[in-house]
Structures are given as structure tokens and as C-alpha cells.
Amino acid sequence: MTVQPRPLPRRALLGAGLALAANGCVTPRNVAAASSPDIWTFDRLTAVGGHAVTTEGQPLLIDSPYGRAIRFDGVDDALFIDNHPLAGARHFTFEALFRPDGGAHEQRWFHLQEAPPTTDATQWPGTRFLFEIRVYDRQWSLDAFTKGPGYNQTLLFPDRLHPVGQWAHVAQTYDGTTYRSFVNGVLQGEAPLAFQPQGAGATSVGCRFNRVNYFNGAVRAAAFSRRALAPSAFSLLKS
């Protein structure tokens, strides 16, 4: 079975004032699913998912097979968004459609961070979700991670390698007992997890929230669901 990233559902696109990609195919199931996930489309530098964006460096808008995307240079490009889209979720699916282009071995490119009631980011706790990659020459492996009070779990499997320079769908899910990660709908690994919901906070894209481990590549979209979806129901993937 060939698995490909899914064009965004029409309802989500229209709700954001966007046009459907030329190669998009909307089915009734896709439209129905659009009411559940919170979909962020990275097709502008001023707002994502209805939230204002603070831009650092010079990320660029580029064309992709799925519509416009944002390209990060792996040096100092980043976006900061004042929203934690999975705050309060007890179960979750966190998806992204991205293209890693190689570069540094360790790249932390999508970071959801819980914030305490302080403006001093150096005092923020470690409660967070991360999508990272590890680059091995012209291949990469996914590192999905979450941490909070009483839990700290990495899903990194260096033997599961994928080519750089190609668009890929990644996901991490939690169903109440088990934390799982996926690339293009294929399970990478899993672990039991005593997860607790995270509080409100913020997001960085293109680097870790403390401005390290910058990402070399592009991001098209992300989706956040408050339930654990099976790969056949992932919002940004079609089979």
C-alpha cells in the first residue's frame, strides 16, 4: 500500500479563506472529519490556525505539492505562536506534514510548550510535546516526545529511516494507555504512558522553544485531535 499525505479537507480550507490545492480530492469522509481536528495550515507568515505569528530569521513561503508551505533554513528561522493546541487534552493525535532537507543531526522542529503564569520563559516548566528528527547522512528518523508531571517518554527508533528531501506525514497518538508514533501511517514504535493533560502555553515551529536545534526543511500543515486516531483516520493522510 502506498501512503501519501492528504490534501487538507475543503471545510478546513474554506474556513481559513483558502483555496483547495489543484491536486486535492475531497471525499465525504474527509469533510466530516474536518469538524473534529484543529488544522493549522502554514501558508502565510502572519497567522497560523487563526493565531498571530511572531517570526524570527527569514522563513520563506514556498510552493509544495499540497499548497503553500513555509521553508526554514536550519540556522535561525522560526515561528512562535501564542497557543498550545493540545492544552487540556486527555487523549490526542498530533500530526504534521513536513519535508526534512537534511543538515544537523538533531533538529527539534515542532514544540508545544506549557507555560506557567510568568512572562519569564526561562522559568517555564518542562511540560511539552515535541516532534524532532535525527539525520543520518541522507536519511532521518522520527523522534516523538512528551513530558509532564510523572511522565517523560521518547519514541526514537534509529533503525526506522526515511529519505530526506521528500514530503512525509508524521503523527503521535495517545489512547489513554499507550503512546505511539507513525511515519506515513506506519507505526514506528510505542510505549505505555501515564499521561496527564498539559496546561495552556505556546508553540514554536522551526526550532525548540528555547531557540536551539533549528530545522532545515519545510512545514505545510499540522492537525490536533483530542482523541487517538487510527492511521486510516489521520486528518492529513490518505491511503
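1. In this note a residue is called buried when its relative accessible area is under 20%, exposed when over 50%, and partly exposed in between, as calculated with a 1.4 Å probe on protein chains only. By that scale E56, at 24% relative accessibility, counts as partly exposed.

2. The model is a predicted one, in which local features need pLDDT of at least 70 and side-chain atom pairs count only at pLDDT 80 or more, while totals for chains, interfaces and linings use all residues. Residues are numbered from 1 along each chain as its sequence is written, and side-chain values use heavy atoms, with hydrogens and water left out.

3. On the nonpolar interior, a core is taken as a set of buried Ala, Val, Leu, Ile, Met, Phe, Trp, Tyr and Cys residues joined through side-chain atoms within 4.5 Å. The largest such core has 40 residues, and those with the most contacts inside it are F42, F98, W109, F110, F131, W140 and V170. A second, separate core of 10 residues includes I62, A69, A218 and L236. In soluble globular proteins, nonpolar side chains tend to be buried together.

4. What does F98 touch, leaving aside residues up to four places away in sequence? With contact meaning heavy atoms within 4.5 Å, the partners of F98 are W109, I133, W140, Q166, W167, A168, V170, F215, A218 and V219.

5. A salt bridge is counted where a side-chain nitrogen of Lys or Arg lies within 4 Å of a carboxyl oxygen of Asp or Glu, and the structure holds 11 of them. One of these joins the side chains of E56 and R211, with 2.8 Å from N to O. This pair links distant parts of the chain, 155 residues apart, since E56 sits in strand β4 (residues 51–56) and R211 in the loop between β17 (201–205) and β18 (216–225); strands (E, at least two residues) and helices (H or I, at least four) are DSSP runs numbered from the N terminus.

6. R211 counts as partly exposed, at 41% relative accessibility. R211 also lies over the face of F80, at 4.3 Å from the ring centre, where the criterion is NZ of Lys or CZ of Arg within 6 Å of the ring centre and within 35 degrees of the ring normal.

7. E106, R108, E132, R134 and D143 are linked in a network of salt bridges. Because E106 lies in strand β9 (residues 106–114) and R134 in strand β10 (residues 128–136), the latter pair ties together parts that are 28 residues apart in sequence. E106 is partly exposed at 24%, whereas R108 is buried at 15% and R134 is buried at 10%.

8. Aromatic pairs are rings of Phe, Tyr and Trp (its six-membered ring) with centres within 6.5 Å, called stacked when the planes are under 30 degrees apart, edge-to-face when over 60, and tilted otherwise; the whole structure contains 24. F42 and F110 form an edge-to-face pair, 6.1 Å centre to centre with 90 degrees between the planes. F42 lies in the loop between β2 (38–41) and β3 (47–48) and F110 in strand β9, so this pair ties together parts that are 68 residues apart in sequence. Both F42 and F110 are buried.

9. Y151 and F195 form a tilted pair, 5.1 Å centre to centre with 50 degrees between the planes. Y151 belongs to strand β12 (residues 151–156) and F195 to the loop between β16 (186–192) and β17, 44 residues apart. Y151 is buried at 4%, and F195 is buried at 7%.
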